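These are my notebook entries on one structure. I looked up a few places in turn and wrote down what I found.

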Amino acid sequence: MRPFTSTIFAEMSALALRTGAINLGQGFPDTDGPPSLLADAAANITGGVNQYPPGPGVPALRAAVAEHQSRFHGLSVDPEHVLVTTGATEAIAAAVLALCEPGDEVVTFQPYYDSYAATVALAGATLRAVPLRPTPLRPPTFGFDADELRAAFSPRTRVVLVNSPHNPTGAVFTAAQLTRIGELAAEHDAVVVSDEVYEHMVFSDAPGGPAHIPVATLPGMAERTLTISSAGKTFSVTGWKVGWVHGPPELVAAVRAAKQYLSYVSGAPFQPAIAAALALPDAFFTDLAAGLQRKRDLLSVGLGAAGLTVYPSAGTYFVITDAAPLGVTDGVDLCWRLPELVGVAAVPVSGFCADPELGRTLVRFAFCKRDEVLTEAVDRLAGLPAHL
Ligand SMILES: *Cc1c(COP(=O)(O)O)cnc(C)c1O
């Protein structure tokens with residue numbers, strides 16, 4: 001684990017704290033989730049719901065996840081085939097550990113969520129990371145080259161780790177892209193592990209398409225897909241770490257076998273509260289996306305005015321910029337200087353890449369912050385010199 005001891009994200013958050021900069025590096029909201037959710041969890045804690053919950057999760061939450069998948073995605077899920085985990089992170093880790101032997105290969109896309117590479121290393125597996133690059137579409141988004149994707153597969157491919165809406169690029173994969181991924185997975189008899197934690201954060205003007213498409217909804221894919229999500233992003237409770245995974249019974253059983261020795265269980269008082277929140281009216285979920293879309297626009301306009309090239313975000317609460325127009329040749333260097341220069345912290349995209357050249361001048365900003373915080377950040381960014 002030596003290569004994974006320190007992360008640029010932790011370093012940037014520490015730098016933001018030291019310098020008093022506005023932290024648009026780490027992606028956590030600065031407001032709380034729905035009041036009913038918070039009240040339910042508090043009542044559960046004082047009401048004695050504090051001991052080990054059942055291994056697969058509390059029945060109410062497993063049923064609520066199944067109901068949510070039917071309501072939002074038209075997926076038919078048996079609550080028996082839902083496993084509650086310690087955040088999406090544990091669901092991903094348990095899936096990779098369960099499915100990969102040392103020497104097996106995991107195909108994913110880079111830049112990637114930072115736990116992916118560490119998890120694959122924990123399993124003794126090998127990461128094959130396919131580049132996502134800006135596409136010539138208008139507006140530009142990030143996409144993969146079909147030949148590069150095919151070349152990443154081999155007879156040792158066991159898992160394809162897909163994340164859409166995608167952190168950090170803000171890309172939302174289209175049905176055509178997901179179908180291509182699914183075809184290659186089927187050809188190689190690989191399991192798709194689909195990280196859908198941003199499922200409710202897709203913007204109505206998304207260039208890739210109007211909606212999030214769960215991999216399991218594609219023809220023939222439910223039988224080889226583990227679908228993962230979590231409460232952290234949807235309900236602005238990233239510190240609670242309650243997630244879930246569902247899929248074919250034999251795959252979920254394998255994940256459960258690994259999961260029970262990672263954490264056994266977690267979040268007893270949170271699980272029933274999250275079950276109720278998953279049943280909130282549609283307005284909660286549409287307001288979440290609409291509010292974030294407004295915040296995205298506020299920050300994106302400011303970043304553009306500061307001279308950065310902005311890649312429009314179609315989903316998640318992140319936006320990627322290219323600092324090359326400011327004369328920047330290294331995003332890591334810029335991120336170390338940015339708090340000092342203007343009092344804003346961000347993270348370099350190369351930190352999310354196996355090949356740091358890929359995102360050399362790209363920088364990620366988070367917009368899941370209160371409007372006044374984003375407005376202040378935009379004011380500060382306006383002070384950025386035209387050439388650095
Ligand atoms: C935040 C995030 C996660 C982690 O979710 P938890 O429920 O906090 O473990 C997983 N994948 C992606 C892409 C994320 O951005």
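**Entry 1: Gly-351**

I began with Gly-351, which lies in the loop between strand S14 (347–348) and strand S15 (362–366). Helices (H or I, at least four residues) and strands (E, at least two) are DSSP runs, numbered from the N terminus. Gly-351 is partly exposed, with a relative accessible area of 34%. I noted the cut-offs: buried is under 20% relative accessible area, exposed is over 50%, and partly exposed is in between, with a 1.4 Å probe and protein chains only. From C-alpha to C-alpha, Gly-351 and Ala-21 are 20 Å apart in space, and they are 330 residues apart in sequence.

**Entry 2: the source of the model**

I recorded that this is a predicted model, in which local features need pLDDT of at least 70 and side-chain atom pairs count only at pLDDT 80 or more, while totals for chains, interfaces and linings use all residues. Residues are numbered from 1 along each chain as its sequence is written, and side-chain values use heavy atoms, with hydrogens and water left out.

**Entry 3: two more distances**

I then looked up Ala-123, which is found in the loop between H5 and strand S4 (126–131). Ala-123 has a relative accessible area of 9% and is therefore buried. Ala-175 is 52 residues from Ala-123 in sequence and 30 Å from Ala-123 in space, C-alpha to C-alpha.

Leu-97 lies in helix H4. With a relative accessible area of 31%, Leu-97 is partly exposed. Leu-97 and Pro-53 are 44 residues apart in sequence, and their C-alpha atoms are 23 Å apart in space.

**Entry 4: the backbone**

Which peptide bonds did I find to be cis? The bond from Gln-110 to Pro-111 is cis, with omega near 0°. Pro-111 lies in the loop between strand S3 (105–110) and helix H5 (115–122). The bond from Ser-164 to Pro-165 is also cis, with omega near -10°. I located Pro-165 in the loop between strand S7 (157–163) and helix H7 (175–187).

I looked up phi next. Asp-189, a residue other than glycine, has a positive phi near 50°. Asp-189 is found in the loop between H7 and strand S8 (191–195). Ser-236 is not a glycine either, and its phi is positive, at about 55°. The place of Ser-236 is the loop between helix H8 (231–234) and strand S10 (243–246).

Are these two residues buried or exposed? Asp-189 counts as exposed because its relative accessibility is 58%. Ser-236 is buried, since its relative accessible area is 18%. I wrote down why such cases are worth a note: most residues other than glycine have a negative phi, and most peptide bonds are trans.

**Entry 5: Thr-85**

Thr-85 is in strand S2 (residues 82–85). Thr-85 is buried, with a relative accessible area of 1%. The side chain of Thr-85 reaches the backbone nitrogen of Trp-244 at 3.4 Å.

**Entry 6: the ligand**

Which residues are around the ligand? I listed Gly-87, Ala-88, Thr-89, Tyr-113, Asn-163, Asn-167, Asp-195, Val-197, Tyr-198, Ser-230, Lys-233 and Lys-241. By class, the shell has 4 nonpolar, 5 polar and 3 charged residues. In this scheme Ala, Val, Leu, Ile, Met, Phe, Trp, Tyr, Cys and Pro count as nonpolar, Asp, Glu, Lys and Arg as charged, and the others, Gly among them, as polar.

A side-chain N or O atom of Thr-89 is 2.6 Å from a ligand oxygen atom. For Ala-88, a backbone N or O atom lies 2.8 Å from a ligand oxygen atom. For Lys-233, a side-chain N or O atom is 3.1 Å from a ligand oxygen atom. Taken alone, the ligand exposes 390 Å², and the protein buries 95% of that. These areas come from the Shrake-Rupley method with a 1.4 Å probe.

Definitions and conventions: A residue is near a molecule or strand if one of its heavy atoms lies within 4 Å of it. A polar contact is a pair of N or O atoms within 3.5 Å; within protein, one must be able to donate a hydrogen and the other to accept it, and residues adjacent in sequence count only if both atoms are side-chain atoms.
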